[in-house]
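Please keep the sequence and the coordinates at hand while reading.

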Amino acid sequence: MLHTKAPHIEELIGEALQKAHHIGEPLFISIVERIDAQDPFQFFEAGSAVDTHRLFWQSADNDFTMVGVGKGSQLYAKSEQRFQEVQSLWNELQENAIIHDDYNKKGTGMVALGGFSFDPLEAETTPWESFPDSQLTIPAYLLTNVDEESYLTINAVIFPEDHPQQIANQILSQRELLFEAEMKAVQLPEIKKTVEISPEDWKVSVRKATEDIKAGMIEKVVLARELRLSFHEDIHITSILRTLAETQSNSYVFAFESNGDHFIGATPERLAKVDERKLVSTCLAGTTPRGKSEEEDMLLGQELLADPKNRQEHQFVVEMIREAVEACSSQIEIPEAPILYPLKNLQHLYTPVKAILDQGYTLLDVIEKLHPTPALGGMPQKKSVSYIREHETLNRGWYAGPVGWFDTRNNGEFAVAIRSALIQQDEASLFAGCGVVEDSDPEAEYEETAVKLQPMRSVLGGF
């Protein structure tokens with residue numbers, strides 16, 4: 001991988017073409033330029049005129065946003081070794097890559113964005129046909145807003161037989177389109193029909209799980225259910241994204257478009273972040289609503305901190321994260337007790353885990369060891385995932401899977417895709433789960449999932 005200073009696009013493509021001719025293979029080129037400040041939502045909206053493959057990522061700290069349009073290249077894998085396969089594909093892509101980047105800012109240059117399904121062995125595809133088991137995209141055009149500045153990265157694969165002027169003209173014309181569109185005022189969608197998918201059957205599955213836990217089959221399992229909404233018109237994704245960003249503070253806001261379908265959400269749960277080998281993971285397990293007054297809010301939070309079930313569930317996750325992080329890191333720091341993590345609709349028990357990533361390990365190595373945490377799968381890890389595959393009535397697809405990004409500097413961040421929805425034109429499937437232990441009450445767990453569905457449901461026009 002060669003880093004150079006960026007001259008004009010036409011010159012860069014000509015140089016890349018000469019090198020592709022010389023080596024007899026296609027190579028990847030990445031060009032970074034600083035641009036005037038851009039509205040990421042307007043850029044996302046404009047991207048629909050260029051390609052129906054768009055990506056959006058905003059950090060939970062609201063200080064870093066990336067918007068991708070088109071496919072410079074993509075990384076796919078489908079096996080139990082999918083994280084290793086994606087890493088290998090990423091390494092290969094970098095071997096014949098020329099990066100023109102004078103800035104070296106987070107989220108510029110060659111950056112892969114996307115996600116993984118919850119379970120690679122899930123045989124059912126409906127309704128996730130547009131989302132492969134693993135799909136990471138290096139966008140053709142990537143807007144990065146960081147440190148109060150905007151950067152545009154142009155990514156492309158150059159083949160020996162390409163014509164340099166033709167490629168340059170295409171890039172420049174599409175680049176122009178990305179800065180021309182204006183945002184239209186669009187109201188949030190109006191719900192036509194709401195269908196809870198087999199709620200009574202789901203409660204029966206929770207009761208069955210408590211019996212299996214008492215019988216010693218597993219220690220804990222997370223069971224999810226689905227809420228399906230239909231609307232009077234197609235959902236305007238950009239408006240939903242903007243509303244999520246404005247209303248769901250302390251959350252990662254994301255959207256991944258694939259073949260006309262969109263997976264979108266605002267998740268509070270970081271899986272892992274690596275920045276200059278500094279590793280941060282998060283235990284976010286144990287949930288209660290926000291109060292209607294400051295006094296009620298504080299009371300609910302204190303009850304959550306003192307609740308044995310939620311504290312046990314939280315500790316399961318802490319210990320699993322500790323074990324996963326210890327396998328590839330050193331200098332691990334974990335607080336002795338959780339604190340409260342407030343969101344707009346919910347509050348959670350929260351424990352950060354910090355460490356230094358050992359040499360030779362990557363962010364994907366960490367994600368492979370962490371996914372799924374007990375907060376999304378259960379305990380023991382493999383047995384609980386097998387139990388979900390056999391007993392859960394829905395196909396999770398990318399719900400509860402890792403979504404995020406990484407770059408050529410081995411930096412990046414993945415979150416857990418909860419508080420999310422699969423949007424298909426005028427329909428949306430919302431998902432929520434809860435941790436089942438031996439004394440779980442099906443009705444109480446049902447109500448907990450209803451609370452967790454509320455953030456996405458409210459943004460989509462519900463109450």
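In which loop does Pro380 lie? The model is a predicted one, and in it Pro380 occupies the loop between strand S20 and helix H10, the latter spanning 381–391. The peptide bond that leads from Met379 into Pro380 is cis, with omega near -15°. A cis bond also joins His371 and Pro372, where omega is about -15°. Pro372 has its place in the loop between H9 and strand S20 (378–379).

Ser198 has a phi near 45° and is located in the loop between S11 and helix H5 (199–214). With a relative accessible area of 34%, Ser198 is partly exposed. Arg277, which is not a glycine either, has a phi of about 70°. This arginine is found in the loop between strand S15 (270–275) and strand S16 (278–289), and its relative accessible area of 22% makes it partly exposed.

Helix H9 also takes part in a helix pair. The axis of H9 (residues 363–370) and that of helix H3 (residues 82–95) come within 9 Å and cross at roughly 170°. Angles over 145 degrees count as roughly antiparallel, and H3 and H9 are therefore roughly antiparallel to each other. On the H3 side, the contact involves Phe83, Gln84, Val86 and Gln87, which meet Leu364, Ile367 and Glu368 of H9. Sorted by class, this contact of H3 with H9 comprises four nonpolar, two polar and one charged residues.

Helix H2 (40–47) is a mostly covered element, with seven of its eight residues buried. The buried residues of H2 are Pro40, Phe41, Phe43, Phe44, Glu45, Ala46 and Gly47. They pack against strands S3 (54–58), S4 (64–69), S9 (141–146) and S10 (149–158), and against helices H4 (164–178) and H6 (237–247). Ala37, by contrast, is exposed, with a relative accessible area of 70%; it is found in the loop between strand S2 (27–35) and helix H2. The C-alpha atoms of Ala37 and Ser150 are separated by 5.1 Å, although the two residues are 113 residues apart along the chain. Lys192, in strand S11 (residues 191–196), shows another relation between sequence and space: Ser281 is 89 residues away along the chain, and the two C-alpha atoms are separated by 40 Å. Beyond its neighbours within four places in sequence, Lys192 is in contact with Ser230, Phe231 and His232.

In soluble globular proteins, nonpolar side chains tend to be buried together. Here the largest nonpolar core has 83 residues, and Trp57, Phe406 and Phe414 have the most contacts inside it. Apart from that core lies another, of 51 residues, including Ile13, Tyr141, Ile158 and Leu178.

Cys283 counts as buried at 0% relative accessibility, and Cys434 counts as buried at 1%.

Technical notes: Residues numbered from 1 in each chain as written. Predicted model: local features only at pLDDT ≥ 70, side-chain atom pairs only at ≥ 80, totals over all residues. Heavy atoms only, no water. Core = buried A, V, L, I, M, F, W, Y, C linked by side-chain atoms within 4.5 Å. Buried < 20%, exposed > 50% of the residue type's maximum accessible area, 1.4 Å probe, protein only. Axes fitted to C-alpha atoms, helices over the stretch in contact; angles between N-to-C directions. Helix = DSSP H or I, 4+ residues; strand = E, 2+ residues; numbered from the N terminus. Parallel < 35°, antiparallel > 145°, perpendicular 65-115°, else oblique. Contact = heavy atoms within 4.5 Å. Nonpolar A, V, L, I, M, F, W, Y, C, P; charged D, E, K, R; others polar.
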